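Dear colleague,

I am handing over the structure below, and after it I set out what was found. Please keep it open beside this message while you read.

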Amino acid sequence: MKDYKDQLYLRLKILNDGGVIDEEVKYEGKRLVDYLFDRYEGLSLHAVETFITHYGMARQRVKNGENIEMMDESLLRDIKENDHYEESKEILEEIEDSFKIQIPETEEMYLLIHLSNILATRGEV
């Protein structure tokens, strides 16, 4: 697990070094990595890498006041019908509460896709 965390910290450093995320978002991303691995077992590195990357970019967009378009209604409906939607929603709410942040709905839906993927791939290498 420590090796996974180190790989994810490196990913955040690369995003920071490349100017994609700032220091604050990088630090928040590291806390998020710890949060996920402290609470859940058997997480897929690939699924968490994808989530952490998109989370960092989403947080930076919010900080920069940038908006993205809402996803298509049919995709939105599919997300809400996903077996892992409710648990993903609870995790995202915990993240918002723990980190004292508010994630706009447009960003939230995309992050829920990635969280659902993390939950769906638990136990896979």
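A salt bridge here is a side-chain nitrogen of Lys or Arg within 4 Å of a carboxyl oxygen of Asp or Glu. Please bear in mind throughout that this is a predicted model, and that a search of the whole structure finds eleven salt bridges.

One of these pairs is Lys5 with Asp34, whose closest N and O atoms are 3.5 Å apart. The pair links distant parts of the chain, since Lys5 sits in helix 1 (residues 2-17) and Asp34 in helix 2 (residues 23-39), 29 residues apart. Lys5 has a relative accessibility of 15% and therefore counts as buried, whereas Asp34, at 26%, counts as partly exposed.

Another of the pairs is formed by Glu49 and Arg11, with 3.7 Å between the closest N and O atoms. Glu49 counts as buried at 16% relative accessibility, while Arg11, with a relative accessible area of 30%, is partly exposed.

Glu87 and Arg122 also form a salt bridge, their closest N and O atoms being 3.5 Å apart. Here Glu87 belongs to helix 5 and Arg122 to the segment after helix 6 (105-120), so the pair ties together parts that are 35 residues apart in sequence. Glu87 is partly exposed, at a relative accessible area of 28%, and Arg122 counts as partly exposed as well, at 33% relative accessibility. Through salt bridges that share partners, Lys5, Asp34 and Asp38 are joined into one network.

Glu96, which lies in helix 5 (residues 85-99), is buried yet has no salt bridge. Which side chain of opposite charge is nearest to Glu96, and how far away is it? It is that of Lys89, at 6.4 Å, whereas a salt bridge requires the nitrogen and the carboxyl oxygen to be within 4 Å. What does lie beside the side chain of Glu96 is the backbone nitrogen of Ile103, which is 2.7 Å from one of its polar atoms. Leaving aside residues up to four places away in sequence, Glu96 touches Ile101, Gln102, Ile103 and Glu108.

Note on methods:
Residues numbered from 1 in each chain as written. Predicted model: local features only at pLDDT ≥ 70, side-chain atom pairs only at ≥ 80, totals over all residues. Heavy atoms only, no water. Helix = DSSP H or I, 4+ residues; strand = E, 2+ residues; numbered from the N terminus. Buried < 20%, exposed > 50% of the residue type's maximum accessible area, 1.4 Å probe, protein only. Lys, Arg positive; Asp, Glu negative; His and termini not counted. Polar contact = N/O pair within 3.5 Å; in protein donor to acceptor, adjacent residues only side chain to side chain. Contact = heavy atoms within 4.5 Å.
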